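Please keep the sequence and the coordinates at hand while reading.

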Amino acid sequence: MQNKGAVRLLAIIFAAICIYQLSFTFFSVKVARDAEKYAQGDILKERTYLDSMKNVEVYNFLWLRKYTYQDCKEREINLGLDLKGGMNVILEIAVEDIIKALAAPQYLSDPTFTEAMAAAKERKASSTSDLIDLFADAFEEQNPGGQLAQFFMTPESRGDIDFNTTNQEVIDFLKQEAEDAIENSYNVLRNRIDRFGVVQMNIQRLERQGRILVALPGVKEPERVTKLLTGTANLEFWTTYQNMEIWDRVEEANQKIADIRSISVKDEEQQEEAPVETAAEESAGAEDDMLLDEEGFLSDTSDLSILGTGDSTELFEEQEAAFMRENPLFAVMRPYVDNNGSLIPSAILGVVELKDTARVNNLLSIPQVRQLFPADLRFAWHFQEMGEELQYLYLYALKATRNGQPAMDGKYVTDARPSTDPYTGEFEVSMNMNSEGAKRWANLTRENVNKALAIVLDGVVYSAPNVSEEIKGGSSSISGNFTQNEATDLSNILKSGKMPARARIESSEVIGPSLGAKSVKDGFNSFIIAFVVVLLYMVFYYSRRAGLVSDLALLANMFFLIGVLASLQAALTLPGIAGIVLTIGMSVDANVLIYERIREELAAGKGKRAAIKDGYRNAYSAIIDANVTTFLTGLILFFFGTGPIKGFATTLVIGILTSLFSAVILTRLVYERWLDKGYKLTFSTKLTENAFKNLNIDFLGKRKAFYFISGLIIAGGIASLSLKGLNGGVDFTGGRNFVIEFKQDVDVTEVRDRLTESFGEMPIVITYGQKSAVRVTTTYLINDDRPEVDSIIKAKMFYGLQPLLGDEVVLNDFLNGQDYIVSSHSVGPTIADDIKRSSVWVVLVSLVIIFLYILMRFRNWQFGLGALAALVHDVMIVIGLFSILSGIMPFSLEIDQAFIAAILTVVGYSINDTVVVFDRIREYVGLHRKRERKSIFNSALNSTLSRTFSTSLSTFVVLLTIFIFGGDVIRGFTFALLIGIIVGTYSSLFIATPVVYDTIKKDETKRVLKGVRKN
């Protein structure tokens, strides 16, 4: 081996760098353990301790440079959410809001504008184009030759848009403004998260317009983070109506709804008595039945649920049915009265239970009801928690200015900070305004003495204090029964600035620390067991010294791999651990290929030194081809995948590179050293020295039987796919997953029935690892983009499951803690469509790239076709078996992103096996040019059988270890890999090579026939 000194130096430098990078993890973990010991379970105390350590020196590297805890934390190995717990969110900035903000106010209700926007939103659900292009296309289709400029000519756009501006110029203007707004949103979000105090946060813009990824490992308060991320910080100050001013209108509204209901009931009775009507009568009746506006709350009186025609006991069991009929509004909205039943003078119209807010919204939106109220009246909700079980909202009456806007907005606020009320001691947020804001605030408070001013943030009333006198100096405060954390978060949101548009959560994943700790334990156990199994196998099969050398290479590979992960700041996830363990199994292949070649050279009579030299040289071709194909698969996973796929791909790609260095270069150095010292070297044991020797299996002679077997399995899979389909996970279908832990064992059927009653639709409920835990999958409210929708769904689950949770569990604990909902995962329909499209492309691109690589390396299209046929065969069988076995196996066989990662790993492994055989065929064709083609192919297959057995067995045992000990999170993933290893090994022997043989045979026959015809 040449340049041994340089190689040794490179290995030493590489090892030193890895030690340096891993040292930061050691010191940061030490501080974290000290914090846990100090806090003893108190999250606030633990955070306070860690905050106090941020700038404290904890590491002095060789007395050359000092590092604080913050420095170490930023350089340590990042643990992913599934190992550490935390939150991962994909936000989408509402470009629709940006377009509307840029449009002239008078055109926002113009049918031309609204119809084009509605069409664009509908198309966006199934398109990868951005909303602005879709809006422009819809506008052009609906208004051929129409000018967009008129809709966007505002004082702010003066100089950019006028009557002469073309539609394309308007589109370019909108795109630039949207890009600036999204960038601003990104910066605002980063500032908010910085103030939240997460050390290892990751926030980045994604390729698709308007999407931002936020990863917050270790976060233990997901509800708090959700509010932090989705709030737009749109602060407004509104004047209000006193409830007494408009109470007569409220009573009229109540009577109007009752009258409408009475008419509807009479119509129903008449229809029962006279079921046959003329067309004219039907038309007139339909006109009367159209009770609600174009928002679609209620299209006709056939659905009278919002008017109280359902079960009268649903709302208040003590109320009589007569009261429900006569007072449909007051049945769901209690007047804000004192103990004597008199209205309490305020801006509050009524008190509504949380579950009835949508019904009240619908009732007040009926056109005949809405016209009873003043045109400048705006309804707004205020959250108020009363008691531990029931939650109520106050309904406020706000008064708009002449142009329909609030009296003042929050752009004048320069500072916000948490404080306490000197009289009550409650937490609040104090604000200061600039000079212009101070003047406006003074005027506003002077004009509204003895009236309420509502402080509204993101459309929700936080407080509405009565003004006792003019307030000068620009000072104000927001109160609302805040906790200290809530006051701190709100002040941070206001200081970070207003979001230019809403941020909707399109996809989120939350994993509690307890589940993360379990994943770490499961992953570590599977890693250790798999590692030991492989080490022992190599010693058993290839002798003590040769086995120890390969084991040394594996240990070095793990050390270098972890060091590189630390230096790249790559997050280590549970699929990443699976990637590491799979790398162990696959990296054995390089040693196996070398050892098998050395054994062949020794059998040919060569000496030890020459056999080792030629063994390494002859194995290089197969090693390079096998690793390049797997490496290409890993790169595709890395660039096109997200989440678990990317974590798996990261470790796989790095592992392939480090395994090549350790298995090929480092082992060669060891053997050179041992040869110089005269050590006795053997590459087999007495039990294995004759294994797989002198085999003469006629693989090609039996190829038609194996074609039939494969065809039968694939046909069964296709039949199952047609009749049964696949169990699509939320990654592909959209929806939400919740893992819920109970204190006792629960019956899955009972959980399903209770949640069906709560949701009004049947969720999928399965046992999750143990009988006291279940995983709930539902599409309930999946298209609802309100920030509070997750809380609404969790509240529904709480009320449905409360008998199983126990009376001691209150709603607040269920919503905000992670003792019960230990993980959640939601994917919006748009994200799900994107994942499906990208997954299909990933698989297709992988197959094409591998085909092209094989074609390039072997310069023969038949080899490329054989490899492609084997890969398609493997993919179809794995997918077919997942369909057949879904619902039969005692664990989930969902089709999600992890399954796509498994498919591509199977593709990489299968091509690895196939390439080794092809490489031997190519070698034998060059050595035995006169031998029959069939004999050459069979000889190549027989000669590589030992390598195929060793690699497949070791990889299968590794995966079986992960499957048994790796935990529920990746059980379906490893099951797909187990099937893939078996099928991939089978196809490399019985599909790929026979297809090459048959196509070459046909090609040669055609050439012979062509020559005969010419003669």
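Which side chain meets that of arginine 123 in a salt bridge? The partner is glutamate 141, with an N to O distance of 2.5 Å. A salt bridge here is a side-chain nitrogen of Lys or Arg within 4 Å of a carboxyl oxygen of Asp or Glu. Arginine 123 belongs to helix α6 (residues 111–124) and glutamate 141 to helix α7 (residues 131–142), so the pair ties together parts that are 18 residues apart in sequence. Helices (H or I, at least four residues) and strands (E, at least two) are DSSP runs, numbered from the N terminus. Arginine 123 is partly exposed, at 29% relative accessibility; the classes are buried for under 20% relative accessible area, exposed for over 50%, and partly exposed in between (1.4 Å probe, protein chains only).

The model is predicted: local features need pLDDT of at least 70, side-chain atom pairs count only at pLDDT 80 or more, and totals for chains, interfaces and linings use all residues. Residues are numbered from 1 along each chain as its sequence is written, and side-chain values use heavy atoms, with hydrogens and water left out.

Side chains of opposite charge can pair when their charged atoms come close. By the salt-bridge rule, the count comes to 25. One of these joins glutamate 96 to lysine 100, whose closest N and O atoms are 2.9 Å apart. The two residues are four positions apart in helix α5 (residues 95–102), and therefore separated by about one helical turn. Glutamate 96 is buried, with a relative accessible area of 10%, whereas lysine 100 is partly exposed at 35%.

A further pair lies in helix α21 (residues 644–677), where arginine 668 and glutamate 672 are four residues apart, about one turn of the helix. Their side chains form a salt bridge of 3.3 Å, N to O. Arginine 668 is buried, at 9% relative accessibility, and glutamate 672 is buried as well, at 10%. Elsewhere, salt bridges that share partners link Arg597, Glu600, Arg920 and Glu923 into one network.

Ile529, Leu960, Ile964 and Phe965 make a nonpolar surface patch of about 310 Å². Patches consist of residues with over 30% relative accessible area and no salt bridge, like charges being joined within 9 Å and nonpolar side chains (Val, Leu, Ile, Met, Phe, Trp, Tyr) within 5 Å. Accessible areas come from the Shrake-Rupley method with a 1.4 Å probe; for residues, only the protein chains shown count as cover. Helix α31 (residues 945–965) gives the most to the patch, with three residues. Isoleucine 529 is found in helix α17 (residues 513–542) and is partly exposed, with a relative accessible area of 31%.
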